[in-house]
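Good morning, colleagues. Please have the sequence and the structure in view while I speak.

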Number of protein chains: 2
Amino acid sequence: MSTYAIINGAFVAEEAAKILVSDLAVQRGYGIFDYFRITANRPGFLDDHLDRFYHSAAFMHLPVAEDRAQLKQLITGLIEKNNLPDAGIRLTLTGGYSDNGYTPAQPNLLITQSPFIFDAGAFHKGLRLITHDYQRQLPEVKTIDYLQAIYLQPQLKARGADDVLYHQQGALRECPRANFFIVTKQGEILTPASNILKGITRKKILAYTDLPVREADLQLQDLDDAAEAFISSTTKEAMPVLQIDGKPVGDGRPGKITTEIFTRLLTARRHQ
Amino acid sequence: MSTYAIINGAFVAEEAAKILVSDLAVQRGYGIFDYFRITANRPGFLDDHLDRFYHSAAFMHLPVAEDRAQLKQLITGLIEKNNLPDAGIRLTLTGGYSDNGYTPAQPNLLITQSPFIFDAGAFHKGLRLITHDYQRQLPEVKTIDYLQAIYLQPQLKARGADDVLYHQQGALRECPRANFFIVTKQGEILTPASNILKGITRKKILAYTDLPVREADLQLQDLDDAAEAFISSTTKEAMPVLQIDGKPVGDGRPGKITTEIFTRLLTARRHQ
């Protein structure tokens, strides 16, 4: 049985889900997206993701033909039709079929669903990061621009790293698909404040008012003093960072606070 | 009669020239391209463009299935089939149909042709630029990333500008689709040396050894003293810049040296 996608409101089998090469996503890398998880056929934190989707679209001057109720109806229809209970759904809005290959036209809205099963066991393995001086352009918008991240993949592999941590001349930013946190020796939970994509999972963590969590202007040297570090995202929840540029973080094992936040996030997703 | 494109070696009518939405160009803005002009059904400076195309592909870890002879054969076939004597041909190489939406797969090669007639009359009208602090990522590669340029289009329109001139904290770089030159009051012809895409037209201009033309580290304040300014590209040849950020360049009219270079470029294209 085929998995279905939705292109501009119409269901289409995944293997036929195509757009013209004149689309500005293909011609000029112009588009935005969002991604949320489906557990037991229910979308997780949908309104948070739709808020961000509409914000990204408006920021990039891309009109969305569907209002929120229509978009939710399409998403519900796709979930029913595909019946992939553990999955991710991606909404992509492109620059559309431009006449001159440069000026945006009516955007194309692509809704795709792929199986996704969360691997809780990955928590104990943790992650190894390398740092790289790079500032994402238009950082607070979830654009389709991952040119730098994908370009760096062979280098990550060669250096035995799982992911890259961007900094701008020493000021810590984010990973390509996740936000970054450190836990100080004093137990403060800190995450870069600006020039980043503000993740939905990051937002949940910042809302734990019973924990000493806050935004801060973190620098590369703050990594040396960190007791713990972790990244947050919809697909990773909170994953411990055990090594950065070959040096262990803290004692090199998943820390207590990271474990606490991970547990809270799993519980929140089950109970939403 | 339909215009044809070529997708992975196969001719396809333009209105059916599609790729799956799983392509990394659509998912992650990952791809490279090149563009050259066809005059009287002959491609202009084809080897220069193919050199750059293969260089961009290799830099971005994207293998090209076709060798140069095969690629030329496809291009010749497309020119014959379309018979659009004045046109542009674009070679686009994408990240391909990635299994996980992140790791590049076998690239898709898209060859498209569109009518293009050079407007020599635009020379006298000239161009108005605005400056903007932005450094293109992976600048020496012709990637499909024009996110910043397209994002800025409404701002250009609002400010009555034709194009944007990027600088990095004052260091002049380039326009999104063209290189930038100034002519000093002493008659020197200078163009930014680094962190730019090195255009084929720029290369032709730098090869005029009888003219005092050279690469230099130009700054924003060098614009105040310029006698002339112009941009160079395959579609513009050399076009005078008459105004930058609302201030006239030199006497605000197309200058002698810009005119001389424009004339040489037109002649070179006719005689190649």
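Predicted model: local features only at pLDDT ≥ 70, side-chain atom pairs only at ≥ 80, totals over all residues.

Which residue is the bridge partner of B:Phe36 in β6(B)? The partner is B:Ile89.

Let us remain with B:Ile89. On β7(B), this residue has B:Gln113 as its bridge partner. The strands concerned are β4 (residues 31-39), which is joined to β6(B) by 8 bridges in an antiparallel arrangement, and β7 (residues 109-115), which also runs antiparallel to β6(B), over 7 bridges.

How well covered is strand β6, residues 87-94 of chain B? Of its 8 residues, 8 are buried. In a regular strand, side chains alternate between the two faces of the sheet. In β6(B), B:Ala87, B:Ile89, B:Leu91 and B:Leu93 are buried on one side, while B:Gly88, B:Arg90, B:Thr92 and B:Thr94 are buried on the other.

I turn now to the interface. Here 44 residues of chain A contact 44 residues of chain B. The area buried between the two chains is about 4100 Å², and carbon and sulfur atoms contribute 62% of that area. There are 0 salt bridges between chain A and chain B, whereas 21 residue pairs are in polar contact, both residues being at pLDDT 80 or more.

Several elements of chain A each supply at least two residues to the side touching chain B, among them β3 (18-20), β4 (31-39) and α5 (147-158). The greatest contribution comes from α5(A), with 7 residues. By type, this side of chain A comprises 26 nonpolar, 11 polar and 7 charged residues.

Finally, strand pairing also links the chains: β3(A) and β3(B) are antiparallel, over 3 bridges, and A:Lys18 has B:Leu20 as its bridge partner.

Note on methods. Residues numbered from 1 in each chain as written. Chains lettered and ligands numbered in written order. Heavy atoms only, no water. Contact = heavy atoms within 4.5 Å. Buried area = accessible area lost by both parts, 1.4 Å probe. Salt bridge = Lys/Arg side-chain N within 4 Å of Asp/Glu carboxyl O. Polar contact = N/O pair within 3.5 Å; in protein donor to acceptor, adjacent residues only side chain to side chain. Helix = DSSP H or I, 4+ residues; strand = E, 2+ residues; numbered from the N terminus. Nonpolar A, V, L, I, M, F, W, Y, C, P; charged D, E, K, R; others polar. Pairing = 2+ DSSP bridges. Buried < 20%, exposed > 50% of the residue type's maximum accessible area, 1.4 Å probe, protein only.
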